[in-house]
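Please work through each task before reading its solution.

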Amino acid sequence: MSFGKVPLKEFLHKIPSGNCEICPSVGEDDAILKTTGPYIIVHSDPITESSVDPGFLSIAVACNDVNMKGAPCKWALTTLLLSSRNSLDRILSGINEACKILGCNVVGGHTEVVINLPSDIVVTTAFSTTDKILTARDAKDGDYIVMVGSAGIEGTWILANQFEDYLLKLGVKKETIESAKRFKYDIIVQEKALKVAEYAVGMHDATEGGVLQAILEIAKLSNLKAVINPKLIPVRKETLEITRALSMDYLRLISSGAFLVITRNPEEVVNKVKESNIIGRLIKGEPSLHLEGVGDFNEDFEEELVRFESSYNGRR
């Protein structure tokens, strides 16, 4: 097996490059991009644990954060650290698929095989431009929180793909697992985010720590108290069945595919997208999360999927 940087000629023609004044090529170590707005949006995310389509997931979750500023994802830099060259085509296929859905282009990155790397790592930095700034810092007392999407979409998809045999042993129905495996494309939120951006003060996606962590982060950023009715948070039956079998809290499960909209026009947001609901409001008070019927929280929530993976690996 060879290690080190993978020659460009082996994969450059396989990536969705474009939308740049100077694009990746042999001898060009930089891309030159022409911007259309006064602000540049930048976000970077690594995929280090999931073996389920990490190329697709890397583009999707990085672009989701860009979308939270009300802009389409335009460009991506992808760094592929491979445990084996055998992984390359599979990861590139996932990157291509996500970029095609989103309409973004890969304009650079790095690809190499790393000695003794236990699993592949894919890091994507996503970019776009905008002429408007959306941020929860601008939220005011009385603003509404609308949740778009369903709690635990990404986590449910990962669990159904990586732990199918274990879920079956726990009594989860085969049709539930197969249905959850189709959540993949719901992880991408760009279309929904662009539909509601004009009504948003700020938006925030729900990733590590799940919906509860995302709400708490909004409260801290806005310096307001988030009062939430947990019964109003959308959740799919597949997520309920799988998390109940695993004794997991779906509100803390990694939830890319869902996002929160801070808005003064909640009905407009709900009317624009399906699978959305008004779940609470921001009010004056200590920056914290108040769950009706449960209590107050002001500390970060654990990432439940990591905890589950650790305990499950110990059983095998």
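**Exercise 1.** Which residue just after α2 takes a positive phi?

*Solution.* The residue is G103, whose phi is about 75 degrees. The model is predicted, so local features need pLDDT of at least 70, side-chain atom pairs count only at pLDDT 80 or more, and totals for chains, interfaces and linings use all residues. Residues are numbered from 1 along each chain as its sequence is written, and side-chain values use heavy atoms, with hydrogens and water left out.

**Exercise 2.** Determine which residues of α2 are buried and how they are arranged about the axis.

*Solution.* Helices are DSSP runs of H or I with at least four residues, and strands are runs of E with at least two, numbered from the N terminus. Helix α2 covers residues 88-102. Buried means under 20% relative accessible area (1.4 Å probe, protein chains only). Seen down the axis of α2, they fall within an arc of 160 degrees, so they line one face; the arc is that of the directions from the axis to the C-beta atoms.

**Exercise 3.** Identify the cysteines that form a disulfide (sulfur atoms within 2.5 Å).

*Solution.* C63 and C73 form a disulfide, with sulfur atoms 2.4 Å apart. C63 lies in helix α1 and C73 in the loop between α1 and β3, 10 residues apart. C99 is in no disulfide, because the sulfur of C104 is 3.5 Å from that of C99, too far for a bond.

Key
The expected span of a helix is 1.5 Å times one less than its number of residues. Buried means under 20% relative accessible area, exposed over 50%, partly exposed in between (1.4 Å probe, protein chains only).
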